[in-house]
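Trainee: I've got the model open, and I'd like to learn how to read a helix in it. Where do we start?

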Amino acid sequence: MAAKRAADSTLYHLSPKGFWKKFREVVVVNPEISSGLPIASVNRYPPPSSRPEQYSTPATKASDPASNPYWKRDVRRVYPQLSVVTQSELSALLIEHSVCPDAEVRETTNIFTSVAAPSEAGEASVPATKPKLLDLSEAIAAITSTAKVYSESKLPPALPVPHKRWVPQLAPPAPHDPNAYFPMLLYR
(Lines give C-alpha, C1' and ligand atoms only; values in the text may rest on other atoms or scores of the structure.)
Protein backbone atom coordinates (compact mmCIF):
# COMPACT_ATOMS: atom_id res chain seq x y z
CA MET A 1 0.00 0.00 0.00
CA ALA A 2 1.42 3.40 -1.02
CA ALA A 3 1.97 6.05 1.64
CA LYS A 4 -0.21 9.13 1.47
CA ARG A 5 1.93 12.00 0.19
CA ALA A 6 -0.62 14.84 0.35
CA ALA A 7 -1.23 16.67 3.61
CA ASP A 8 -4.54 16.00 5.29
CA SER A 9 -6.45 19.29 5.41
CA THR A 10 -8.43 18.29 8.50
CA LEU A 11 -5.50 17.00 10.55
CA TYR A 12 -4.25 20.31 12.02
CA HIS A 13 -7.08 22.70 11.12
CA LEU A 14 -10.58 23.24 12.39
CA SER A 15 -13.42 22.06 10.23
CA PRO A 16 -17.03 23.21 10.56
CA LYS A 17 -19.69 20.94 12.03
CA GLY A 18 -23.43 20.61 11.60
CA PHE A 19 -25.26 23.21 9.50
CA TRP A 20 -22.09 25.12 8.59
CA LYS A 21 -20.46 21.92 7.31
CA LYS A 22 -23.36 21.34 4.91
CA PHE A 23 -23.44 25.04 3.95
CA ARG A 24 -19.70 24.98 3.24
CA GLU A 25 -20.01 21.84 1.06
CA VAL A 26 -22.65 23.59 -1.06
CA VAL A 27 -21.09 27.06 -1.30
CA VAL A 28 -17.33 26.37 -1.45
CA VAL A 29 -15.72 25.61 -4.82
CA ASN A 30 -13.28 23.06 -3.35
CA PRO A 31 -14.73 21.52 -0.14
CA GLU A 32 -11.49 19.56 0.47
CA ILE A 33 -9.46 22.73 1.07
CA SER A 34 -8.49 23.65 4.63
CA SER A 35 -10.30 26.34 6.58
CA GLY A 36 -6.94 27.81 7.66
CA LEU A 37 -7.88 27.96 11.35
CA PRO A 38 -5.35 25.93 13.38
CA ILE A 39 -6.40 23.62 16.20
CA ALA A 40 -5.20 25.34 19.38
CA SER A 41 -4.22 22.15 21.21
CA VAL A 42 -2.14 20.77 18.32
CA ASN A 43 -0.62 23.93 16.78
CA ARG A 44 2.72 25.03 18.22
CA TYR A 45 2.99 22.38 20.88
CA PRO A 46 4.48 23.08 23.39
CA PRO A 47 3.16 26.64 23.19
CA PRO A 48 5.57 29.56 23.37
CA SER A 49 6.83 30.70 26.81
CA SER A 50 5.61 27.49 28.45
CA ARG A 51 9.08 26.04 29.10
CA PRO A 52 10.14 26.10 32.78
CA GLU A 53 13.81 27.08 32.28
CA GLN A 54 14.76 30.72 31.74
CA TYR A 55 17.12 31.96 29.04
CA SER A 56 20.36 33.45 30.28
CA THR A 57 22.68 35.51 28.10
CA PRO A 58 26.11 33.87 27.80
CA ALA A 59 28.86 35.78 29.60
CA THR A 60 31.30 37.64 27.34
CA LYS A 61 33.90 40.37 27.78
CA ALA A 62 31.27 42.97 26.90
CA SER A 63 28.94 41.77 29.67
CA ASP A 64 31.50 42.60 32.38
CA PRO A 65 30.68 46.18 33.42
CA ALA A 66 34.10 46.67 35.04
CA SER A 67 36.01 46.32 31.77
CA ASN A 68 33.36 47.76 29.46
CA PRO A 69 32.83 51.44 30.31
CA TYR A 70 30.26 53.45 28.41
CA TRP A 71 32.70 56.00 27.04
CA LYS A 72 34.50 53.26 25.09
CA ARG A 73 31.27 52.09 23.48
CA ASP A 74 29.77 55.51 22.78
CA VAL A 75 30.66 56.14 19.15
CA ARG A 76 28.48 59.23 18.87
CA ARG A 77 30.93 61.34 20.85
CA VAL A 78 34.19 60.24 19.27
CA TYR A 79 35.17 63.68 18.07
CA PRO A 80 38.48 64.24 16.28
CA GLN A 81 41.16 65.40 18.70
CA LEU A 82 42.94 68.60 17.76
CA SER A 83 46.71 68.80 17.78
CA VAL A 84 48.12 72.20 18.64
CA VAL A 85 51.71 73.32 18.12
CA THR A 86 52.52 76.80 19.39
CA GLN A 87 54.89 79.15 17.57
CA SER A 88 57.51 78.84 20.30
CA GLU A 89 57.40 75.01 20.09
CA LEU A 90 57.62 75.18 16.30
CA SER A 91 60.59 77.57 16.41
CA ALA A 92 62.36 75.27 18.91
CA LEU A 93 61.73 72.28 16.61
CA LEU A 94 62.97 74.17 13.56
CA ILE A 95 66.15 75.26 15.29
CA GLU A 96 66.75 71.81 16.79
CA HIS A 97 66.41 70.01 13.46
CA SER A 98 68.14 72.53 11.24
CA VAL A 99 71.53 71.56 9.86
CA CYS A 100 74.24 74.07 10.73
CA PRO A 101 77.68 73.00 9.47
CA ASP A 102 79.62 75.96 10.93
CA ALA A 103 80.40 75.78 14.62
CA GLU A 104 81.19 79.51 14.60
CA VAL A 105 77.69 80.38 13.45
CA ARG A 106 76.31 78.13 16.16
CA GLU A 107 78.22 79.99 18.85
CA THR A 108 77.64 83.48 17.47
CA THR A 109 73.91 83.13 17.06
CA ASN A 110 73.60 81.17 20.34
CA ILE A 111 70.20 79.84 19.37
CA PHE A 112 71.15 76.29 18.50
CA THR A 113 70.86 73.85 21.36
CA SER A 114 72.79 70.74 22.18
CA VAL A 115 70.94 67.46 22.05
CA ALA A 116 71.48 64.92 24.82
CA ALA A 117 73.68 61.98 23.88
CA PRO A 118 72.15 58.53 24.04
CA SER A 119 73.01 56.79 27.30
CA GLU A 120 74.33 53.29 27.88
CA ALA A 121 72.61 51.05 30.40
CA GLY A 122 73.55 52.25 33.89
CA GLU A 123 75.18 55.54 32.78
CA ALA A 124 73.58 58.88 33.41
CA SER A 125 73.27 60.96 30.27
CA VAL A 126 74.06 64.65 30.05
CA PRO A 127 70.74 66.50 29.86
CA ALA A 128 70.15 68.73 26.85
CA THR A 129 70.31 72.45 27.47
CA LYS A 130 67.00 74.27 27.45
CA PRO A 131 66.37 75.96 24.10
CA LYS A 132 66.11 79.70 24.14
CA LEU A 133 62.54 80.69 23.28
CA LEU A 134 62.38 82.72 20.09
CA ASP A 135 59.68 84.10 17.90
CA LEU A 136 58.98 82.05 14.82
CA SER A 137 60.10 84.84 12.50
CA GLU A 138 63.45 85.14 14.35
CA ALA A 139 63.98 81.36 14.17
CA ILE A 140 63.26 81.27 10.43
CA ALA A 141 65.55 84.25 9.85
CA ALA A 142 68.36 82.59 11.85
CA ILE A 143 68.04 79.31 9.95
CA THR A 144 67.88 80.92 6.51
CA SER A 145 70.79 83.26 7.25
CA THR A 146 73.19 80.36 7.89
CA ALA A 147 72.41 78.36 4.74
CA LYS A 148 70.24 78.58 1.70
CA VAL A 149 67.23 76.45 2.49
CA TYR A 150 65.98 75.79 -1.05
CA SER A 151 67.77 75.82 -4.38
CA GLU A 152 67.05 74.58 -7.89
CA SER A 153 68.37 71.15 -6.99
CA LYS A 154 66.68 71.08 -3.55
CA LEU A 155 63.07 72.15 -4.02
CA PRO A 156 60.51 72.59 -1.23
CA PRO A 157 58.08 69.73 -0.67
CA ALA A 158 55.02 69.68 -2.90
CA LEU A 159 51.53 68.72 -1.86
CA PRO A 160 50.62 65.16 -2.83
CA VAL A 161 47.99 65.05 -5.57
CA PRO A 162 46.12 61.91 -6.68
CA HIS A 163 46.75 62.56 -10.36
CA LYS A 164 49.56 63.84 -12.58
CA ARG A 165 49.45 67.46 -13.60
CA TRP A 166 48.39 67.93 -17.20
CA VAL A 167 51.05 69.41 -19.44
CA PRO A 168 49.60 70.41 -22.81
CA GLN A 169 51.35 68.89 -25.84
CA LEU A 170 50.43 69.60 -29.43
CA ALA A 171 48.84 66.55 -31.11
CA PRO A 172 48.81 65.76 -34.84
CA PRO A 173 46.26 67.95 -36.66
CA ALA A 174 42.75 66.68 -37.35
CA PRO A 175 42.02 65.53 -40.90
CA HIS A 176 40.88 68.48 -42.99
CA ASP A 177 41.33 70.04 -46.42
CA PRO A 178 44.92 71.40 -46.58
CA ASN A 179 43.79 74.48 -48.56
CA ALA A 180 40.87 75.37 -46.29
CA TYR A 181 41.03 77.69 -43.30
CA PHE A 182 41.06 75.41 -40.23
CA PRO A 183 42.10 77.25 -37.03
CA MET A 184 41.54 74.30 -34.67
CA LEU A 185 44.59 72.83 -32.88
CA LEU A 186 44.48 69.54 -31.00
CA TYR A 187 46.25 69.06 -27.67
CA ARG A 188 46.82 65.90 -25.70
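Mentor: Start with α3, the helix at residues 87-97, where Ser 91, Ala 92 and Ile 95 are buried. Buried means under 20% relative accessible area, exposed over 50% and partly exposed in between, with a 1.4 Å probe and protein chains only. Helices are DSSP runs of H or I, at least four residues, and strands are runs of E, at least two, numbered from the N terminus.

One caution: this is a predicted model, so local features need pLDDT of at least 70 and side-chain atom pairs 80 or more, while totals for chains, interfaces and linings use all residues. Numbering runs from 1 along each chain as its sequence is written, and side-chain values use heavy atoms, leaving out hydrogens and water.

Trainee: Which element do the buried residues of α3 pack against?

Mentor: They pack against α5 (136-146). Contact means heavy atoms within 4.5 Å.

Trainee: Is Tyr 70 buried or partly exposed?

Mentor: Tyr 70, in helix α2 (residues 70-73), counts as partly exposed at 44% relative accessibility. Leaving aside neighbours within four places in sequence, Tyr 70 touches Arg 76 and Arg 77.

Trainee: And how many helices does the protein have?

Mentor: Five, with zero strands.
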